[in-house]
Amino acid sequence: MINNLYIKATPAAASITWGSITGTLSSQTDLQNALDAKFDDPTGTVSQYVRGDGSLANFPASTGGGGSLSFYLNGSVSQGTFGGVAFREMDRTPIIGGGTDFTIATNGYIQSFITDANVPNLLEIPAGNWNFETYFSASSSGGTPSFYIELYKWNGTTLSLIASNSATPEGITNGTVTDLYVSAIAVPQTTLALTDRLAVRIYVNNSGRTIKLHTENSHLGQVITTFSTGLTALNGLTAQVQNFATGTTGTDFGISSATSTHTFNLPTASAANRGALSSTDWTTFNGKQAELVSGTNIKTINGSSVLGSGDLVVAGGVTSVTGTAPVVSSGGATPAISMAAATTSVNGYLTSTNFNTFNNKQAALVSGTNIKTVNSTTLLGSGDVAVQPTLVSGTNIKTINSTSLLGSGDIVVGGRSGVEVYQAPTIINTYKAAAGTGITFLFGSPYPLVQTASSTTGNIMKASAIFQATQGTSNTRFRFYASPSSVSLSGALAMGFFDITPVNFAAGLDSICVEKTFILTRNAVASYVLMALDPFDNSNDLSLRTFSTVATLNNPLGFPYLCIGINQSGILHSVTVNYSR
Amino acid sequence: MNITKNNNSFQLDGLPMTYTIAEGTPEILSETQCHIPTNFGETFFDTSITIEGQSFENIEDWITELYK
């Protein structure tokens, strides 16, 4: 019997030490230290695992289920010729029959294989390694025979090379022994059409020997691809990598699958759409009246619930309805309420006919806006606006010598005679200026003195004026004009003039006045002749004065105003016109 | 006022008559006034009247322009 003995293993010494155990268990500190040095409770996470050396490591990320899709080289099945090349079958189902071998005694393609139509029926080749397991044997050992493999796709018209390991051919090294040779091709991600087929061509460098490729039976040639054997089609999509998306199109929940994406469409619920309840509608619905519970959140009437269908007879309600004019009630609890149409003597409702009548009446008149004024006087208000009625010649406006006064133009009125004296006896105009400054306008008759050129009798005008001049060294000349204007001499006809000369002043006189008379009459050739009376005629026969013709007016109506001018200082005292026209 | 000339005749603004320049010699009344022989007789004009819109300072230039 052995008591109190222990075995101590010391790593540094790599030897076993025997000793004795004394004391209690807590006294075995060396054993406790050794245990503390061992693997402790794991401190990792659920996504980790403990490696063999005790370290923690993460579980690898999931990359999808399923293994790789494999094709088998079925040498006994001919697929026909594609792009000038005869192909055998490459299919997912191997042929286990008697086996089919192919030989070649030169360098070249020993055999080519192609999938059936619409195989693999995928849209893409995932990038990765394709492994090829093929069985070869040679007619003799030695040499350096080898092979390499080319991967193609056939789109119906053309063979397109996808990848090849021709740069790194695999040696056929086991001589006459039929042996398995594994080679690989790095295949890039390649887009496929669903109708594309995949093809493999195997090229042999024979190195002077006859090389045999074994297929089928116990020498299954296998192509291990990067296609997945997991999900092959989902909702009609055959893309190897497929995605989910969400949307709101449509009128009901539905899944739309296109290319490699499955879109879950959940429309917003509406009167036309079955779908998700929007937060807005939720708020609306949530805000609606809660379920009515009679007596709880809706009152009763006389102890009766108002919920439900039918009529609620309420005793003690309305028993009689009356109306106040013009509203008329037939009385009772269910009266007929009526109102008569308003007329000149009845109050009531306004009929549509009367409404249209009133509506079509004149809007309120605003003077100057929708009603004109008369001579700036408003027509609104009471009273009378005196407006001269339309003048009707002979009716409310007289005629002159049977000629209407209406219209434009001038009316020649003959048969008048009289005397018109202007400013007599006061001074009409006084002009003082130096000699030689020309003619200054002194006087113009206020109205035309000649008003007709048609008469051969009458039409005589005598104009007399009193002039005053102061003695000087030169003549004071008064000029008479027949002018188109009563205020200007421009364009006026010079009819005549007379001078008061220094010799006219008697000794001792420094100022004299002279009355000068002009007579305008008609001559035998239908012109007007202006004649002047010489005030300084010294004839003793005062009964007959000498008149001299000073001017002839061929167009007296164009020059009807008598105007007088003066050439230097002088005074015009008065002008007297005697006329008959 | 303004004179509008037309060959040997002219018109004054606002007047219905057409003055025809007649034979004879203009009578200069002052540096600014004259009598021009016309078909109506000796007619008074001064330099306040423009000719075809042109103004004149003395009557001799005015007469020259009228007879031009």
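## Chain A overall

Two residues are in contact if their C-beta atoms, placed from the backbone, lie within 7 Å. By that criterion, among contacts in chain A between residues at least 6 apart in sequence, 60% join residues at least 24 apart. The model is predicted: local features need pLDDT of at least 70, side-chain atom pairs count only at pLDDT 80 or more, and totals for chains, interfaces and linings use all residues. Residues are numbered from 1 along each chain as its sequence is written, with chains lettered from A and ligands numbered from 1 in the order in which they are written.

Chain A has 34 strands and 3 helices (DSSP runs numbered from the N terminus: E, at least two residues, for strands; H or I, at least four, for helices). Of its 581 residues, 20% are buried (20 or more other C-beta atoms within 10 Å of a residue's own, C-beta atoms being placed from the backbone).

## Strand β11(A)

In strand β11 (residues 146–154) of chain A, 7 of the 9 residues are buried, so the strand is largely enclosed by the rest of the structure. Strands pair if DSSP finds at least two bridges between them. β11(A) pairs antiparallel with β16 (residues 197–205) of chain A over 9 bridges, and Tyr148(A) stands opposite Tyr203(A) there.

Another antiparallel partner, β12 (residues 159–164) of chain A, is joined to β11(A) by 5 bridges, with Lys153(A) facing Ser160(A) as bridge partner. The hairpin of β11(A) and β12(A) has 4 residues between the strands, and Gly156(A) takes a positive phi near 105°.

## Contact between chains

Chain B gives 18 residues to the contact and chain A gives 16 residues. On the chain B side, β6(B) supplies the largest share, 6 residues.

Technical notes
A residue is buried if 20 or more other C-beta atoms lie within 10 Å of its own, exposed if 12 or fewer, and partly exposed in between; C-beta atoms are placed from the backbone.
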